[in-house]
Amino acid sequence: MATRLESLHEYIGQARWFGGKGRDFSVTGVTRLGEVGDPGDGHRVVVDLVELTYDDTGERELYQLPLVLYDEPEGRLDHAFVGWWQEGEGDDDWVHAYDAVHDRAAMARYLETFVRTPTSPVVEGSRQPDESRHATLTFVRLEGHELDPDTHGTLFSGEQSNSSVLYGEDAVLKVFRKITPGENPDITTHRVLTEASSEHVAQLYGWIEAQTHDGILHLAMLQQFLRTASDGWDLAVASVRDLFAEADLHAEEVGGDFASEAARLGVALCEVHQQLGESFGTGTVRGSHVAELMNDRLDEAIKVVSELEEHADRLRGAFAALGDLGDLPVQRIHGDLHLGQTLRTVLGWKLVDFEGEPAKPLAERLLPDSPWRDVAGMLRSFDYAPHAVAWSVPEEDRDVLEQRRHRAEEWAARNKRAFLEAYTDNDELTHEQGVLVAAYVADKTVYECVYEARNRPSWLPIPLSAIARIGTP
Ligand SMILES: Nc1ncnc2c1ncn2[C@@H]1O[C@H](COP(=O)(O)OP(=O)(O)O)[C@@H](O)[C@H]1O
Ligand SMILES: O=P(O)(O)O[C@H]1O[C@H](CO)[C@@H](O[C@H]2O[C@H](CO)[C@@H](O)[C@H](O)[C@H]2O)[C@H](O)[C@H]1O
């Protein structure tokens, strides 16, 4: 029979949200952070923090595992079974442990606890002590929204790097999986944008944190469910398909033209940046320093994607031009913006997932950065969407492929222009803006080459072909 540590190892190793897939690791520690609600009805809900150590580098990572512990096996939860182990000393202390996000009864405990937690004013520093402290777990709720206590928690089917549980049409609880001690920018950025009544994010309702000797752990975030939302990537791809279906019509002539949406996205991003600058403050960083960091990233990327080598001089040229700009303004930004992080609702565009670039260490993700990094992220996405559709043609259909690539360029150029004009509120970029766009787009494309090589090798030609076009007329 597997021990508790072996069971945790097996469950985490195959979980969709586990970031270390394919690497050998051991479970080197488990900390019980606390219990959610009171035990009862033959089950209880606990939160464990599991420490992993990778065999290759010795590097450690922490993963959150909310568990529902049943006295008896629950066949309906077989797909979320973690293990069977002894929790205490007594013969009756054997439990059947399941991943709690899959269990309605467990997720009801979370909601009940949030509902019982008194709300705190949304002003920094005025949080009241509350009655919802469980061991070291603390639930925090912000003023401004009455939670619906009668909704059921259902796990989002598109489970990604975290696990999101939807409560009816009222709220979403995003349970962070990989945990780094310290502030989680998804929570703190949503918090200031909620306090500033931003129209471009889902409102933050509350969060769960734990205090450990390593500092604060941000474990989960409760926010407004955007009921009418459509994913920006899906909408863009649908628009591209419309264009490709009409061989003789141009982007502006087909029904699915995206340019006005691209422009609205530009306005939304500009407003979010302004708000973040006001709330978190702004600073400067030397352009030459940024260029150095981009060069370092390129050096590392070439080790993974050797095809980048032949384009290195042009890329380094784009980075070096930042040095001539002197100091660059920096502030809190999104950090990993692309169409898949945007949702179109009846009330306009919303940006989601302010955690920053997943592979970067937290300390780096919290540093003020250039807003042009987000702009570049969106510009790259306007390039990706049409090329991703264009590439999905059988090899032998060369004529169709050529024609599609041509139309893809047209779609990308039209939407990039609409987005940039709206973001800058100008129909031409200044010289300085042009240099910033060129450098940040080049840097993002290098990042994408590594991302695709590691995660979706068949998509690598999309950023690689974009790199080949950089700096060419
Ligand atoms: N507040 C929300 N309301 C509705 N859907 C949301 C909300 N926040 C995120 N989503 C959807 O859930 C998906 C995953 O959310 P995200 O924050 O990107 O999680 P992860 O960190 O797991 O990638 C998003 O692509 C988006 O479609
Ligand atoms: O959503 P994440 O924060 O995990 O972001 C990572 O994955 C993205 C892919 O889902 C990746 O985005 C790249 O592919 C998108 C299409 O799937 C495209 O719209 C983006 O422009 C492109 O960068 C992102 O880079 C990565 O960090």
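I worked from a predicted model, in which local features need pLDDT of at least 70 and side-chain atom pairs count only at pLDDT 80 or more, while totals for chains, interfaces and linings use all residues. Residues are numbered from 1 along each chain as its sequence is written, chains are lettered from A and ligands numbered from 1 in the order written, and side-chain values use heavy atoms, without hydrogens and water.

I looked up the domain first: UniProt, in an unreviewed entry, lists residues 11-103 as "Maltokinase N-terminal cap", an annotation that may be inferred rather than shown by experiment. I found this stretch to be 4% helix and 55% strand, with its end C-alpha atoms 16 Å apart; helices (H or I, at least four residues) and strands (E, at least two) are DSSP runs.

I then turned to helix H3 (residues 185-195) and helix H5 (residues 259-280), whose axes (lines fitted to C-alpha atoms over the stretch in contact, angles running from 0 to 180 degrees between N-to-C directions) lie 10 Å apart at an angle of about 100°. H3 is therefore roughly perpendicular to H5, a label for 65 to 115 degrees. Their contact (heavy atoms within 4.5 Å) involves Thr188, Thr189, Val192 and Leu193 of H3 with Val272, Gln275, Leu276, Ser279 and Phe280 of H5.

Lastly, I noted that the axes of helix H7 (residues 312-320) and helix H11 (residues 431-455) come within 8 Å and cross at roughly 135°. Leu315, Ala318 and Phe319 of H7 meet Ala438, Ala439, Ala442, Asp443 and Val446 of H11.

Methods: Parallel < 35°, antiparallel > 145°, perpendicular 65-115°, else oblique.
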